[in-house]
Amino acid sequence: MKSAFKGEQAKAVLSRWHERFRGRLRVPTESRMVKTRLGDTHVLVGGPEGGPEVVVLHGALASSAHVLHELAPLMERFRLHAVDVVGQSVKSADVRPSVSNNAYGEWLRDVLDGLSLQRPHVVGVSWGGFVSIRLAACAPERIDRLVLLFPAGVVNGSHWEGLTKVALPMMLYRMSPTERRLKAFVRHLLTTTDDDWAPFLGDAVRACNMDMRVPALATPEELTRLTSPTLVLAGDGDVSFPGAKLLARARVLFPTLADQELIEDCRHCPPTTDAFRQWLAVRIGDFLRASRPVKG
C-alpha cells in the first residue's frame with residue numbers, strides 16, 4: 001500500500017504541526033519509541049510519574065500532541081501515554097493495517113508491551129476509538145477502563161450527508177485551496193473554528209494520501225469477553241457517527257457499558273475551548289477513578 005503521506009515535504013508540514021501543538025502544552029512531555037510488529041511507534045508521555053496509567057489514541061490525521069492538547073487537564077492527575085497511530089500520524093511507521101480485522105488491536109497490544117503497561121485505562125478518540133475497540137476484541141484483559149469519544153467502528157453516518165457535507169468540500173479544497181473552501185470543509189467537522197484546528201486540517205488533507213477505507217463495525221460477539229467498564233461520549237451534530245444512533249448501538253455492543261452521554265451542540269470534533277477541555281477532563285477523570293455499577 002502506498003505511503004500515507006505525499007513525500008518528505010508533506011511529512012515536514014505535519015511534523016511542524018505536531019511540534020506546534022506539543023509546544024502549547026503547559027506540562028513537560030517525553031518522547032518514546034517502541035518496537036511493534038508494524039514498525040516503530042512514537043508515544044508522547046506526560047503527567048505525574050506514579051499517577052494512574054492512561055493510554056490515549058488520537059483521531060485520523062492528527063497526532064499524540066493534538067490529543068494531549070485537548071486532554072491536557074487530565075495530566076494533572078493521570079500519567080498519559082499518547083500513542084501516534086500508525087498510518088495516521090507522521091510520527092510513527094508509515095504503514096496502513098487492515099481495518100476489517102484485529103490488526104490494529106494486535107499492534108496496540110505490542111505498544112502496551114513496549115511501554116510495560118499490563119492493564120492501563122484506554123481512551124480512544126474517533127479513529128483511535130476504532131483502534132481501542134479492536135484491542136477490546138482481541139485482548140480485552142489488557143484494558144482497565146475504556147473511554148470512547150466519538151468512536152469509529154460502532155455506527156456509520158449517512159453516505160449522502162458524508163459525501164455532501166464532508167467529502168466533497170474536502171475534495172474541492174484539496175483541488176483549489178482557498179479560505180472560503182476551507183471554511184466549507186471544516187463547517188460540519190469542527191464545533192469551534194477559532195484556533196489552529198482549521199488550518200491544521202487544511203494542511204493535513206493536502207499532505208496526506210487520504211485513507212478512504214471505512215473501519216469495520218464491531219459486533220457484540222467480538223466483545224463478549226470485555227469486562228472493562230466503558231464510557232461512550234457522542235455529539236448530537238456528528239455527521240460521521242450520529243450521536244443518538246451511536247449511543248443506541250453502544251448499549252447493545254458493550255457488555256459492560258457503565259455510562260454514556262450525548263453532548264449537545266457538538267459536531268464530530270468537540271469544542272476546542274479551555275472550558276470544554278476542563279469539563280471533558282473532569283468527565284473522563286471521574287469515570288476513571290470511580291467504581292460505578294455496570295448498568296444491566
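Me: How are helix 3 and helix 4 oriented to each other?
Reply: In this predicted model, the axes of helix 3 (residues 103–114) and helix 4 (residues 127–138) come within 7 Å and cross at roughly 85°. Since angles of 65 to 115 degrees count as roughly perpendicular, helix 3 is therefore placed, relative to helix 4, as roughly perpendicular.

Me: Which class of residue has nine members in the contact of helix 3 with helix 4?
Reply: Helix 3 brings Y104, G105, E106, W107, L108, R109 and L112 to this contact, while helix 4 brings W127, F130, V131, R134, L135 and C138. Of the residues in the contact of helix 3 with helix 4, one is polar and three are charged, and the class with nine is nonpolar.

Me: How are helix 5 and helix 7 oriented to each other?
Reply: Helix 5 (residues 159–175) and helix 7 (residues 197–207) have axes 10 Å apart, and they pack at an angle of about 75°. That angle falls in the range of 65 to 115 degrees, so the orientation of helix 5 and helix 7 to each other is roughly perpendicular.

Me: How many charged residues does the contact of helix 5 with helix 7 have?
Reply: The contact is formed by M170, Y173 and R174 from helix 5, together with G202, V205 and R206 from helix 7. By class, the contact of helix 5 with helix 7 has three nonpolar residues and one polar residue, and the number of charged residues is two.

Me: Which residues of helix 7 meet helix 6?
Reply: Helix 6 (residues 179–186) packs with helix 7 at an angle of about 95°, the axes being 10 Å apart, and helix 6 is therefore roughly perpendicular to helix 7. By class, the contact of helix 6 with helix 7 has seven nonpolar residues, one polar residue and no charged residues. On the side of helix 6 the residues are L182, F185 and V186, and those they meet in helix 7 are A198, P199, L201, G202 and V205.

Me: What is the volume of the largest cavity?
Reply: There are two cavities of 30 Å³ or more. The lining of the largest cavity is made of F5, L14, H18, L61, A62, S63, H66, Q88, S89, V90 and F200, a set that divides into six nonpolar, five polar and no charged residues. The space in the largest cavity comes to about 60 Å³.

Me: What is the volume of the second largest cavity?
Reply: A4, F5, L61, G87, Q88, R96, C208, N209, M210 and D211 line the second largest cavity, and by class these are five nonpolar, three polar and two charged residues. The volume of the second largest cavity is about 50 Å³.

Me: Which helix gives the most to the lining of the second largest pocket?
Reply: The second largest pocket, with a volume of about 340 Å³, is lined by R24, L25, R26, V27, H69, A72, P73, M75, E76, D274, R277 and Q278. These lining residues divide into five nonpolar, two polar and five charged. With three residues, the helix that gives the most to this lining is helix 9 (residues 274–289).

Definitions and conventions: Residues are numbered from 1 along each chain as its sequence is written. This is a predicted model: local features need pLDDT of at least 70, side-chain atom pairs count only at pLDDT 80 or more; totals for chains, interfaces and linings use all residues. Side-chain values use heavy atoms; hydrogens and water are left out. Axes are lines fitted to C-alpha atoms, for helices over the stretch in contact, and angles run from 0 to 180 degrees between N-to-C directions. Helices (H or I, at least four residues) and strands (E, at least two) are DSSP runs, numbered from the N terminus. Angles under 35 degrees count as roughly parallel, over 145 as roughly antiparallel, 65 to 115 as roughly perpendicular and the rest as oblique. Contact means heavy atoms within 4.5 Å. Ala, Val, Leu, Ile, Met, Phe, Trp, Tyr, Cys and Pro count as nonpolar, Asp, Glu, Lys and Arg as charged, and the others, Gly among them, as polar. On a 1 Å grid over the protein atoms alone, a cavity is a set of points where a 1.4 Å probe fits but cannot get out, and a pocket is an open set with protein on both sides within 12 Å along at least five of seven lines; lining residues have an atom within 4 Å of a point. Grid points are joined across faces, edges and corners, and a volume is the space filled by probe spheres set on the points.
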